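Thanks for coming. I will go through one model today, a few elements at a time, and then the chain contact.

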Amino acid sequence: MAKAVVPIGPYHPLQEEPEHFLLTVEGEKVVDVEVHIGYNHRGIEKLAEHKSWQQVTFLVARICGICSTSHPIAYCNAVENLCRVEIPERAKYIRTLVGELERIHSHLLWLGLAGHFLGYNTVWMWVWKWREPILDIFEALTGNRNHYDMLLPGGVRRDLNEEYFPWVRKELGEVKKNLEMLSKAILDDPVIISRLKGIGVLTQEDVKNYGAVGPTARASGVKIDVRKDDPYAAYDLIRWEVATCENGDLLDKVVVRILEIFESIKMVEECMDALEKVKGEIMATIKEVPPGEGIGHHEAPRGETFHYVRSDGGSSPIRHKVRAPTYVNLPTCKATLPGSQLADAIIILASIDPCYCCTERVAVVSDRKKKYLTQEDLIKLSWEKTERLRRKYGR
Amino acid sequence: MKEIKERLGDKLLNIYEHTPNRIYLDIKREDLKEVVEYFFLERDMRFVTASGIDGRKEMEILYHFSEDSTGKIYSLRVKIPKDDLKIDSLTSLIKGAEFIEREIFEMLGIEFTGHPNLTRLLLAEDWPEGIYPLRRDEKGIRDLKERNWEKKNG
């Protein structure tokens, strides 16, 4: 049969993110896939070399809007590893609490999108409705619905207001109740099961070969979790379990994430209990960053986020390497996609919970005529436009 | 630690423990594949990523391996002289190394011999040849603009 190439991207129509897949199909069957990234490359690693150690925390928070506390946790872990600093206990609990709340909202976001990709818009509407209280909790506790900016190397910047905790417990209880209902509804529905079971299987061997991390690996039965393996923050001070499944198909990727949400709700509650008892400092002082190297990682909602920093004793890092989880999870589609139906391709590609903002970090402003625009050029262009509009509307 | 020292013998130039869970090992460029086989296949570690760095005198690549059962991260440091920017590709051994080798190739200009598809990963197609953004002597956009202007106008 003749082969045809179906392009998805460079801008994904459903996921609304820059990604580019070229699917080679024979009839309805996908036989090969080519992945292109780099459509939205921002140069963050280079930029980090020109910022101070504190400023980089806020720069890496802007790598991704969804994991806006995962990158700072990994970066702060790296700097604290470099300086060999231990952070105060209260700060540890606050970091864990914010990190786990982020996991809840991120997994809920993905769950809704997964329903949307399957054509189940009810799941989408419901889950995104239940995600809203989580964002309200964030606003109450940290001051922002997104980009909380709670961290700095050495601890956290703001303390939490404990007056909100009873309300947070109530809201989380509601989310838990709704989610229990939803997970029963999903597991009862024969149509959803037949769309997910046995589709897009990732074997344990491929997990190792591609170095896949996070829920993508855990759905295949590979029990890796940075929070357990190399504990940081308060993950070794509270009780929790790593959720795993066995088959590595789409259904298990849904189940493992739902189990993780329940686990995270428990962890947030435990952190609040601890915070009511543990008082004191929230910031350890780091006077100067010595020359050397530091490595930090954090289990982001999508898997391990890895940061490497190198210092020469100056005020900014001389090299800062960021490896986001999607960077290693995305190539696994070469193992899961070939052989599947074209109709399943969208959900298989989305099953790793891809985050392109994280994957593409490093850009130069350039238009088609190969003219390079500097900051002054951009400011001039903006003035000219304002002037034009002013004349047009006579103001 | 002891086991690694015995197993690698004189392939190991230096070993340094920054904190108990962060271990850095210096190895020679020629021994890379053998050492990686030991870490990846024999010790069954997970390949995390590689960091390419422009050091002052030579280029460096750090291959990070994570032993998830103990939580230790082993970083293999390979130094590459600036007049011969070549190193063996690991893609045939570890499929997950394909992306990062392409990224280091475009960002630092290090060639990976034996890589099946050594093309650009992140940079745009119309990005000028021979400009490597993460090199230390790269001056940035302003410098690039001047060079382009000089090229056009002599």
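Helix 16 of chain A, residues 375–393, has 19 residues, and at 1.5 Å a residue these should span 27 Å. The end C-alpha atoms are 27 Å apart, which agrees with that figure. Keep in mind that this is a predicted model. Is helix 16 of chain A buried or in the open? The number of buried residues among its 19 is zero, so helix 16 of chain A lies largely in the open. Just after this helix comes A:Gly394, with a positive phi of about 60°.

That brings me to phi in general. Most residues other than glycine have a negative phi. Two residues in chain A go against that. A:Arg84 is not a glycine, yet has a positive phi of about 55°. A:Arg84 sits in the loop between helix 3 and helix 4 of chain A. It has 11 C-beta neighbours inside 10 Å, and the cut-off for exposed is 12 or fewer, so A:Arg84 counts as exposed. A:Asp353, also a residue other than glycine, has a positive phi near 55°. A:Asp353 is in the loop between helix 14 (342–350) and helix 15 (356–359) of chain A. Here 24 other C-beta atoms lie within 10 Å, so A:Asp353 is buried.

Now the helix pairs. Helix 2 of chain A, residues 53–61, and helix 3 of chain A, residues 70–83, cross at roughly 150°, and their axes come within 8 Å. Angles over 145 degrees count as roughly antiparallel, and therefore helix 2 of chain A is roughly antiparallel to helix 3 of chain A. Their crossing is right-handed. Helix 2 of chain A brings A:Trp53, A:Val56, A:Thr57, A:Val60 and A:Ala61 to the contact, and helix 3 of chain A brings A:His71, A:Pro72, A:Tyr75, A:Cys76 and A:Val79. By class, that contact has eight nonpolar residues, two polar and no charged. As a reminder, an α-helix has 3.6 residues a turn, so residues three or four places apart point the same way.

The second pair is helix 4 of chain A, residues 89–118, with helix 5 of chain A, residues 121–142. They pack at an angle of about 160°, with axes 8 Å apart. That makes helix 4 of chain A roughly antiparallel to helix 5 of chain A. The crossing of helix 4 and helix 5 of chain A is left-handed. On the helix 4 side of chain A the contact includes A:Val98, A:Leu101, A:Ile104 and A:His105, and on the helix 5 side of chain A it includes A:Trp124, A:Trp128, A:Arg131 and A:Phe138. The residues of this contact divide into 15 nonpolar, six polar and one charged.

Next, chain B. Chain B has four helices and seven strands, in the order α-β-β-α-β-β-β-β-α-β-α from the N terminus. The C-alpha trace of chain B spans about 60 × 30 × 25 Å along its principal axes. Of the 154 residues in chain B, 36% are buried.

Last, where do the two chains touch? The contact takes 32 residues from chain A and 30 residues from chain B. On the chain A side, elements giving two or more residues include helix 1 (44–48), helix 8 (204–210), strand 6 (292–300) and strand 7 (303–311). The chain A side divides into twelve nonpolar, eight polar and twelve charged residues.

Note on methods: Residues numbered from 1 in each chain as written. Chains lettered and ligands numbered in written order. Predicted model: local features only at pLDDT ≥ 70, side-chain atom pairs only at ≥ 80, totals over all residues. Axes fitted to C-alpha atoms, helices over the stretch in contact; angles between N-to-C directions. Parallel < 35°, antiparallel > 145°, perpendicular 65-115°, else oblique. Left-handed = near helix turned anticlockwise from the far one by under 90°. Contact = placed C-beta atoms within 7 Å. Nonpolar A, V, L, I, M, F, W, Y, C, P; charged D, E, K, R; others polar. Expected span 1.5 Å × (residues − 1). Buried ≥ 20, exposed ≤ 12 C-beta atoms within 10 Å, placed from the backbone.
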